[in-house]
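Open the model in your viewer and keep the selection panel at hand.

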Amino acid sequence: MGKKVYLRLFGELNHFFKSKNKKVREISFKNRQTIKDILEGEGIPHTEVYLLIKENFVIDFNYLVSDGDQISAYPVFRKLDIESSQQTIRKKYPYQPKFIADAHLGKLVNYLRILGFDTLYYNDYGDKYLAEKSSQENRMLLTRDHGLLMRKVVKYGYFIRADKPHQQLKEVIFRYKLLKYIKKSSRCPKCNHLLKRVEKKDIIDLLEPKTKKYYNKFYICPNCRQIYWKGSHLDKINNLIKEIKGEYKNGL
Ligand SMILES: [Zn+2]
C-alpha cells in the first residue's frame, strides 16, 4: 500500500489544478518527501503558498509528510493580511516594489513602467538568468511559467493568471498592493530608465506641429533619447487605474 497525503487548497491555489471541483486532494507518495516537493509535484509553485497548516499547527516547506497527513495550503488574500501574521511561511516583500518579467509579458511590462515601476525585461532572458537575477536584486519575478517559479533560487515571484495585459496589470496591482507606489510617467516604457524634465525650447525641432501647439511640459529618456509628454495616450491607463481603485474599494 502506498502512502497518502490529503491536501486542501484554498482560494487562488485551486487555479493550479485541472479539476476544480475536488475540495480535498489525495496524493500518493513513496519516499521521504517534503510538503514543498508534494506541492510542486502537483504544479503549485512555492512562491504562491503563504501558509501551511497541518491539524491546527503551522508547518514550513521542509516538513516531511507522513502517511495520512491532512494539510491545508493558503495563498495570499487581498482582504485578510496573512503576510503580516507571525505564522506565515512567507514574509511580506520588504522592498520598494521592483520586477523582472519573462518574455511573454511585454505589454504588462509597458504598463508597469508607465506607472513608474522598475521592471527588467528582455526578449532573450533565459529561465536561469531570470531566476538568478530576480534573486540577486530582490526583484519580484512575473511569469506564466510554473517551472520557472519552482526554481529553488527564486525568492519572490508571482504567477500571472490572466491573458489580457490590462487584467494582468490589475492582478499585479492587487497582489502587491501597488496603488500607493504609482508614479506615472516617471520611467521610460521602452528601456526602464528614469525620465528627466527637458525644456521645450531645447527639443522644439523634434516635435510634431500638434504636439508643439498643445503641450508645454516634456520629459526625455537619458538612455534612448525618446521624448515624452502627458498626452491623450495616458487616458487609457488613467481610466484603468480609476477602475482598479473602484474595485479595490469594493473589496473585489
Ligand atoms: Zn528609454
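**Stop one: K217**

Select K217: it counts as partly exposed because its relative accessibility is 44%, and that class lies between buried (under 20% relative accessible area) and exposed (over 50%), with a 1.4 Å probe and protein chains only. This is a predicted model, where local features need pLDDT of at least 70, side-chain atom pairs count only at pLDDT 80 or more, and totals for chains, interfaces and linings use all residues. Numbering starts from 1 along each chain as its sequence is written, and side-chain values use heavy atoms, without hydrogens and water.

K217 sits in the loop between helix 7 (209-214) and strand 11 (218-220). Helices (H or I, at least four residues) and strands (E, at least two) are DSSP runs, numbered from the N terminus.

**Stop two: helix 2**

Now select residues 106-114, which form helix 2. Show the side chains of L108, V109, Y111, L112, R113 and I114: they are buried. What do the buried residues of helix 2 pack against? Color strand 6 (98-101), strand 7 (118-120), strand 8 (140-143), helix 5 (165-175) and helix 8 (235-249) to see these partners. Then step to G116, which follows helix 2 and has a positive phi, near 95 degrees.

**Stop three: the whole chain**

Zoom out. The protein chain has 8 helices and 12 strands. Its C-alpha atoms fill a box of roughly 80 × 40 × 30 Å along the principal axes. Of its 252 residues, 48% are buried.

Note on methods:
Contact = heavy atoms within 4.5 Å.
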